[in-house]
Amino acid sequence: KLRDPEQPEFHQAAEEVLSTLWPFLQENPKYLKAGIIERLIEPERVIMFRVPWMDDNGQVHVNRGFRVQMNSAIGPYKGGLRFHPSVNLGVLKFLAFEQVFKNALTTLPMGGGKGGSDFDPKGKSNAEVMRFCQSFMTELSRHIGENLDIPAGDIGVGAREIGYMYGQYKRLRNEFTSVLTGKGLTYGGSLIRPEATGYGCVYFTEEMLKERGRSLEGQRVAVSGSGNVAQYAALKAMDLGAVVISVSDSGGTLYFPEGMTTEQWHYLMDLKNERRGRLQEMATEFNLEMLTNRTPWHLPCDIALPCATQNELNGDDARTLIANGCYCVAEGANMPSTLEALDVFLENRVLFAPGKAANAGGVAVSGLEMSQNAMRMQWTDGEVDTKLHAIMQSIHSACERYGKEEDGYINYVKGANIAGFVKVADAMLAQGVV
Ligand code: NDP
């Protein structure tokens with residue numbers, strides 16, 4: 001905190017991990033002696049650069065680009081790129097730090113990284129987004145590679161942005177390699193990658209519910225966000241018989257008292273991914289209530305899936321959710337719950353899955369995309385989905401192994417942090433002081 005006082009999100013992520021790891025570290029002092037903690041919280045490398053681009057009127061703008069290469073102990077750096085005005089170094093360090101543990105949990109050989117820009121794609125034309133992506137990649141291309149660092153999408157970076165960046169990388173380097181994941185199906189993408197984070201989050205939820213002898217059938221599920229993760233979390237929950245009562249965007253929450261229908265889900269996909277519109281339009285189209293400037297957490301539900309952004313669910317929200325009967329929370333987004341909310345969930349023995357476990361399905365299938373590219377093959381959607389399902393189950397088992405408490409309650413936060421830590425820390429120990 002003294003070294004980087006202006007990075008509250010990074011401090012929050014580090015505090016969450018270190019406080020749960022502390023008893024384990026005291027029982028295993030070899031990690032402390034080897035300075036593993038000090039090394040884990042310091043990125044191996046940070047790249048910051050200028051991204052100049054021209055808008056459709058000929059006006060030049062300058063954004064800031066970043067790549068945080070956090071830890072490569074178990075594989076090349078891997079993690080998404082975020083384009084959002086709130087992006088700064090502290091936000092990307094928190095995301096990169098989380099990514100190190102998450103990638104370790106997937107069982108695949110991937111280190112952790114994260115990057116992006118404070119560029120806002122909202123309201124920009126396709127041509128403007130393309131020029132920005134080309135400028136961003138012109139610099140980033142010097143620092144990434146299929147065996148070095150393989151970025152993917154995140155908030156504000158979807159299929160369109162990945163396509164533009166991949167095209168520019170290929171032009172600059174004159175090679176067709178697996179340097180990005182989340183690619184389109186026509187040029188090396190994997191089936192089920194768009195679905196993977198949302199599906200994986202719901203698969204993980206299913207595993208948690210099994211612990212209490214329950215299933216998703218008939219459960220009321222509150223989802224926040226309406227982007228990539230939220231869309232497929234909602235779809236899979238509906239497939240499994242749940243009643244999805246909300247989605248949200250930065251304008252507020254769209255409430256479905258009777259549950260979202262398949263027709264409404266298809267409308268949402270077109271609205272958000274093709275027309276790039278606001279949920280207010282959907283409220284008008286279907287005569288639904290739009291809860292302006294509100295999150296979904298005051299709506300009575302059994303299960304909450306926060307899938308929008310960091311710190312979107314605070315301590316009061318957590319108390320309201322519990323008072324209204326919510327007994328399970330799985331984080332589709334990264335760090336959507338504040339530290340206070342997390343404490344409230346754990347104290348009340350809510351089934352609570354942190355993002356690094358519950359949303360690891362996205363990066364897991366990105367890892368599978370790299371495998372398919374390396375083999376010059378493409379697996380069927382069924383094959384990828386089966387592997388995703390197995391990975392989510394194995395993450396659940398790892399959390400159970402390290403997180404089960406004496407009364408049988410599984411503390412998934414502790415379980416995920418220790419399981420991820422052990423894998424990375426042991427690799428670091430083996431590789432010496434580097
Ligand atoms: P998208 O850009 O597709 O969607 C983001 C959604 O969250 C939008 O509905 C957006 O609303 C909302 N949102 C973003 N920022 C804010 C904010 N400050 N306040 C309110 N709402 C906000 O992103 P993804 O779905 O890909 O990512 C969502 C979360 O999931 C992020 O935390 C991301 O890091 C995490 N994640 C994503 C993975 C992936 O594979 N995509 C993998 C693992 C984690 P609006 O459009 O109005 O801004």
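## Annotated binding site

Let's start with the record: the unreviewed UniProt entry annotates Lys78, Gln99, Lys102, Gly153 and Ser366 as "binding site". UniProt positions follow the numbering used here, feature names are shortened, and annotations may be inferred rather than shown by experiment.

The model is predicted, so local features need pLDDT of at least 70 and side-chain atom pairs count only at pLDDT 80 or more, while totals for chains, interfaces and linings use all residues. Residues are numbered from 1 along each chain as its sequence is written.

## Lys78 and Ser366

Lys78 sits in strand β3 (residues 77–83), and Ser366 in helix α14 (residues 361–375); helices (H or I, at least four residues) and strands (E, at least two) are DSSP runs numbered from the N terminus. Lys78 is buried because 27 other C-beta atoms lie within 10 Å, and Ser366 is buried with 29. The cut-offs are 20 or more for buried, 12 or fewer for exposed, and partly exposed in between, with C-beta atoms placed from the backbone.

Setting aside residues up to four places away in sequence, Lys78 touches Ser366, and its other contacts include Asn103, Met110 and Val363. Ser366, in turn, has contacts with Ala152, Thr181, Gly182 and Arg193 among its partners. Contact means C-beta atoms, placed from the backbone, within 7 Å.

## Around the ligand

The ligand is surrounded by 22 residues, the closest being Gly227, Asp249, Ser250, Ala333 and Gly362; each has its C-beta atom, placed from the backbone, within 6 Å. Helix α8 (residues 228–239) supplies the largest share of this shell, three residues.

Terms used. Contact = placed C-beta atoms within 7 Å.
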